[in-house]
Structure formats: structure tokens, C-alpha cells
Amino acid sequence: MRKDETKPPKSFTEATLLAAMEHASRFVDDKDPKEALDDDESHSGGIGTPATRAEVIEKLIRSEYVERKGKQLRSTLTGRNLITVVSPAFRNVEYTARMERNLSQVERGEQSALEVMNLFRKDVANIPEQVGESVRLNGDAVRSQRKTESESYGPCPKCGQPVIRKGKFWQCSTNKREKQSDGTWQTVGGCGWKLYQTICGKTLTDPMVRTLLEKRRIHVNGFLSKAGKKFSVDLIADHERGSKLDFDE
């Protein structure tokens, strides 16, 4: 006998997640909903359609529920907090399967379209109350997750200490700011490193900043020139100015 530990499941890549969405019925045990998901003639055979599945993933990334880590897709703090407060009934494949089954029954004339639509509306209308109750019961878990992850976005390019977020900018955790008599805020301690959220019309996201601090540079699309033209260039973590655009590449 030997003592060992189980390994967590492998993180999804975009390819494996697309495959899981396409063959979502493998995650459903109930026969009728499973068959509804597998009904390629009437529906997509899974979650989304071949034309929309990739966009669903991109929307999750834009909403910062998921981020790319190399080839892997990883959940973010926002995504995990969402899963914490959303009812289990809405976060499993069986709910989608039941919706597909109801739609199949409408096609076969076994249910009226109005009846099914009202059922969907009722589910949606109950979500805010359910989430509010879940936050009340699980609020401590959500806040503790936020505190743990927000402690660091990566090492400060200037002094190596953790970088944290403060509203619309990121700064070294050693920085100390005080409100002045004229109402402005000034840094009165720490190394002073700061990175603003918007650069040349481009809004940086948490995943982008984590990658920037890890690799010291990222390639960014969608900067705006003074003439209003979009351009792409590498953004470099600069120890003095926060960041700078690398036009030499």
C-alpha cells in the first residue's frame, strides 16, 4: 500500500470544451432529456449550435468568467463566484436538456408554445430572488474567495511585491495613498508603480493584466491612434510608467 493523492481533472482547452458542448448528452442520465439533446434533426445535438459554440466561449471570456492560460481555459474569480450563488438547477446540462425536450414536445404538438414560453419566463423571473437568497447564505464564501484572489495579479515590475486592483487601475500593494486637502489623492509610500485600466482607448481586463505581469509583455489589438485609427502592438510592463507600447517590434 502507498499513500497518494487524487489529481484534479484536466482543464478544458477550447477544442475539448467545444467537443463537450457538442456531445453534452453524455453528461445527462435521464433518458428523455438525453434523447432530446441527441435529436440532431430537430436541434443541435448539444449546447448551442456549430455556428454559435465558439462565440459562447468568447462571450464567457469577454465577460471575464473564463480566461485563457496558454491553451487551457480557466475559470476566473467572477466565474467561480457566479457558480457559488447560482442554483444548481441552472448550472448543469440537464436543465438545457429539459428545455430541448420541451421544445421537441412543442414541435410534436404535445405542448403549446405559449405554455413552454411561460415556463421559461417563470424560471428566469425567479433567478434574482434565488440568487439573492444564495448570496445571503453563501456571502462569506464569495467574499473570502474575492479576498484571496484579489491579493495579487502578479509581481510588481518595479519592486516584485504583489500587484492589487484599486477601482480602475492596478497598483503595487506597497503603495500608500492619502487624500489631500484639495480633495485629490497622492501616493505617500511604496514603490509607486501603477497601471491604468484604459490605454489609447483600449480597456485592459484582469486576465490581460495577469498575463502582462507574468510575461512582461502582451500583444494587444484595438488601440486607437489620435487620428481614430485602430492599431495593434505589444504592451510592455514598464517599471516607471506602468506600461509602454513597443513600436520597435
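I am reading a predicted model, where local features need pLDDT of at least 70, side-chain atom pairs count only at pLDDT 80 or more, and totals for chains, interfaces and linings use all residues. Residues are numbered from 1 along each chain as its sequence is written, and side-chain values use heavy atoms, with hydrogens and water left out.

**Entry 1: Leu-212.** I found Leu-212 in helix α7, residues 206-215. Helices (H or I, at least four residues) and strands (E, at least two) are DSSP runs, numbered from the N terminus. Leu-212 is buried at 1% relative accessible area. Buried means under 20%, exposed over 50%, partly exposed in between (1.4 Å probe, protein chains only). I listed its contacts beyond four places in sequence, among them Leu-195, Leu-235 and Ala-237. Contact means heavy atoms within 4.5 Å. The C-alpha atoms of Leu-212 and Ala-237 are 6.4 Å apart, though 25 residues separate them along the chain.

**Entry 2: salt bridges.** I counted a side-chain nitrogen of Lys or Arg within 4 Å of a carboxyl oxygen of Asp or Glu. That rule gives 14 salt bridges.

Glu-67 pairs with Arg-210 at 4.0 Å, N to O. Glu-67 sits in strand β1 (residues 66-69) and Arg-210 in α7, 143 residues apart. Glu-67 is buried at 6%, and Arg-210 is buried at 12%.

Arg-165 pairs with Asp-206 at 2.5 Å, N to O. Arg-165 is in strand β3 (residues 163-166) and Asp-206 in α7, so the pair ties together parts 41 residues apart in sequence. Arg-165 is partly exposed at 26%, whereas Asp-206 is buried at 14%.

**Entry 3: after the helix.** Arg-216 follows α7, and its phi is positive, near 70°.
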